[in-house]
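Have the viewer open as you read.

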Amino acid sequence: MPAPRDLVELRPEGLYCPAGDFHIDPWRPVPRAVITHGHGDHARIGMGEYHCSAGSLPILRWRLGEQRYHVHEHGAPFELGGARVSLHPAGHVLGSVQVRIEAGGEVWVASGDYKRQPDPTCAPFEPVRCDVFITEATFGLPVYRWPDTREVVRDIVDWRERCAARGEAAVLFCYALGKAQRLLAELAAVTDRPALLHGAIAAGVQVYRDAGIAMLATRAVAEEEKGRDFAGELILAPPSAAGSPWMRRFRGAQTGFASGWMRLRGNRRRRNYDRGFVVSDHADWPDLMRTVRETGARRVIATHGSTDAIVRALNESGVAAEAFRTSFGDEEA
Amino acid sequence: MKRFAALYRELDRSTGTADKRAALVAYFREAPVEDAAWALWLLSGGKLAASRARIANSRELRAWIVAESGQPEWLVEDCYDHVGDLAETLALLLDDPAAEDDDRPLHVWIERELLPPAGADEALRRDAVVRAWRTLGFDQRLLFNKLLTGALRVGVSQRLVQQALAEMSGIDIARIAQRMLGAWTPSPRFMRDLLTVEELPGDRQQPYPFFLASPLEPADGIEVAARLGEVGDWLLEWKWDGIRLQLIRRGGEVALWSRGEERLEGRFPEIEAAAGALARDCVIDGELLAWGEREDRPLPFTALQKRIQRRKPGIRLLAEAPARVLAYDLLELDGTDLRTLPLRQRRETLATLVDQLADPRIALSPLVDARDWTEAARRREDARERGVEGLMLKRRESVYQVGRRRGDWWKWKIEPLTIDGVLLYAQSGHGRRSTLFTDYTFGLWDGEALVPVAKAYSGLDDREILELDRWIRAHTLERFGPVRSVPAEHVFELGFEAVNRSSRHKSGIAVRFPRILRWRRDKPAAEADRLDALKALAR
């Protein structure tokens, strides 16, 4: 008797489920895609149809335009081919989900990107029991352990005040979709002074506001009067704005970067930011290990990030582990 | 230690010197004097791990963190590889203590926790370190680990610290710098003496801080030199490749201080003897060289190196590599500080003094004559032939300043020798390069094998460093601790000042000041240079 086929395989076009004849976050056009979340390396243009969560829909509409979308509630099973599929919150960004696949008496879960820290902008990660767990490993080394985000957000406000005292603006670089909105939601708890936004971030903030997410009041930098002094303001901008002509309007400004990579001093210094704030939308090492345990999986496949370390550590702890070389990136870099 | 950890964090974060100086001033104003003394010592490059008995070596620290963090050894090594800095890796691998962060001051930590177990049995030393790891929050833990593993390397120059102390105390920076020269013990008493307005007896035994020349680019032609004005306003000298030193003769006693702020007594008895015969008390700034009696040029730097390493040189070594001082400048005569006089005047007095001595072991560094910059540039071309590194340009009217100040003194080196080497090994750098492989070892062909000949740390731009870093990670053949070997594939043009034969190096060759000039993407490894070609340049 031939060995039973894996429920998910790595194909040139992406992760593929033969039993259900669909792909998960494929990087090349396929007839049927299940999308874990709206980041560019997971949700791409050109699929015949898109299965996604209700939370992801506005983000996908914004980024991919009108497509054949099939929206599914959290935990509500649907049939694709011979597979029973359901979507479960992943806690990464608004609408992000894990994909649970059941076929032939086996359960596989593909995590997409996820984190375990609280995030007021999305539903918390839900551990799902499974036989095989496909996990991300962006921060798969034990030096990555996240501080409490509320503390970090207080540091950001302190930083802005220090900048204000020196007559400088505080320009905080962060990923435009997810991180920026999470920071704005967390900031609302500790300050009511509005933040200013770079155009690339404003659009994503509007999508979140339309979805009913409460965040700090914001204004667009572009709509401020010409030549105004930005001293003491907190300004959110995408990392690509660093060193661009757009920065010139702030004259005296300090720069900060909000990312899990800022946990290491060398990363911050190499990129010449004045401040690094450790806030990540990915699981840190302790949470990656805890999550694997909570799924009860006997086999784990790591998809992107520091897969070598996590694969070896799991194998040594008695969980069969391997890695897939995927095209998923890292929006925090 | 919280206050000092906060200062460390502040210095580590700031990119501007004004901010760093402000942070230093604030620290020295507020810190208790016992702490301030240790802080100053540490910021000046003092290492607990080196100057006192060792508290823990790198291998022990890694073994202890394996036990304390519960991570397997290979994973700790992977993390160290990834982070590139051991002190930081150790701090990152642990969670913060649940209890309130420890509040004891820096000097208590050093004097009661760190120094007592130094040199004791492993169990005792381990207890002290692990106890600290468990009680300190992240910032203090990182600093504590830095104290264990070496220097702070936080991007603060000696001059910046001295500026802060001068700003805070109102004492002249030159005096502070002078009082800090050489080895000193961090104590409240030292701190008070350092910042006292009174004249101290010790002020008379110290050398002066050296005035250093700024570089012109070797490739700079006469058009650059011409911007300096009339050649007649300048004194031109050879740039000797020895050790810069101050020869101090006060009250008949002689002391030799190197630019590295080290006292050299005993090592160069012939110089001390010659200085003893000087007619007057004085402080001479000059270059120490190894120079055979009947030679017309100095011996290679490696000869001098042998002399420095030997605390009490034997007769054979003294004959093999006799030392000589070429005098550049006169800083003090009969107890009078001459540094604010113009150079031409100081040099005139120096010439008289040295002429009277009439001993080749202390001679005047000759001037290089040039009617215009074109001739100066031509004379510079002779440099390698004469065994010197190039020309020194000093403004005739210049006063003797402190440290490297641009404007009055320039060094104009000759273009470096070059050779094409193959990248063999890489190691991660320090500071802002600690997460990248930036320390490279290069080899040359010797028959079918590549022999390592030079290490270089600089010369590539940030983009090239990133590209090479990625390639190294993807193509690692073997790991030896922090060092990775890579396939012989990439060729780099290396520049260096001189090549000497050396019995201490596997290749039989030692290169002076190697650096990367460019990445030779056009050259396959097989076309890199041969060791013989480098040997032919050696002397």
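Start with helix H6 (residues 285-295) of chain A, which lies across E10, E11 and strand E18 (299-305) and runs at about 170° to E11(A). A quick word on terms: helices (H or I, at least four residues) and strands (E, at least two) are DSSP runs, numbered from the N terminus. Axes are lines fitted to C-alpha atoms, for helices over the stretch in contact, and angles run from 0 to 180 degrees between N-to-C directions. Contact itself is a matter of C-beta atoms, placed from the backbone, lying within 7 Å.

Before going on, some housekeeping. This is a predicted model, where local features need pLDDT of at least 70 and side-chain atom pairs count only at pLDDT 80 or more, while totals for chains, interfaces and linings use all residues. Residues are numbered from 1 along each chain as its sequence is written, with chains lettered from A and ligands numbered from 1 in the order in which they are written.

Helix H7 (residues 307-316) of chain A lies across E11, E18 and E19, at about 165° to E19(A). What do these strands belong to? They are part of an open, mixed sheet of 7 strands in chain A, ordered E7-E8-E9-E10-E11-E18-E19. E7 (78-80) and E19 (320-323) stand at the edges with a single partner strand each, so one side of each has no neighbour in the sheet. On average, neighbouring strands are turned by 25° against each other, direction ignored. Strands pair if DSSP finds at least two bridges between them; E10 (residues 106-110) and E11 (residues 132-137) of chain A run parallel and are joined by 3 bridges. There, Trp108(A) stands opposite Val132(A) in E11(A).

Now hop over to chain B. Helix H1 (residues 2-13) and helix H2 (residues 17-30) of chain B pack at an angle of about 170°, their axes 9 Å apart. That makes H1(B) roughly antiparallel to H2(B), a label for angles over 145 degrees. Arg3(B), Leu7(B), Glu10(B) and Leu11(B) in H1(B) meet Lys20(B), Ala23(B), Tyr27(B) and Glu30(B) in H2(B).

Finally, the two chains touch: the contact takes 17 residues from chain A and 22 residues from chain B. On the chain A side, H5 (265-270) and H7 each supply at least two residues, and H5(A) gives the most, with 5 residues.

Technical notes: Angles under 35 degrees count as roughly parallel, over 145 as roughly antiparallel, 65 to 115 as roughly perpendicular and the rest as oblique.
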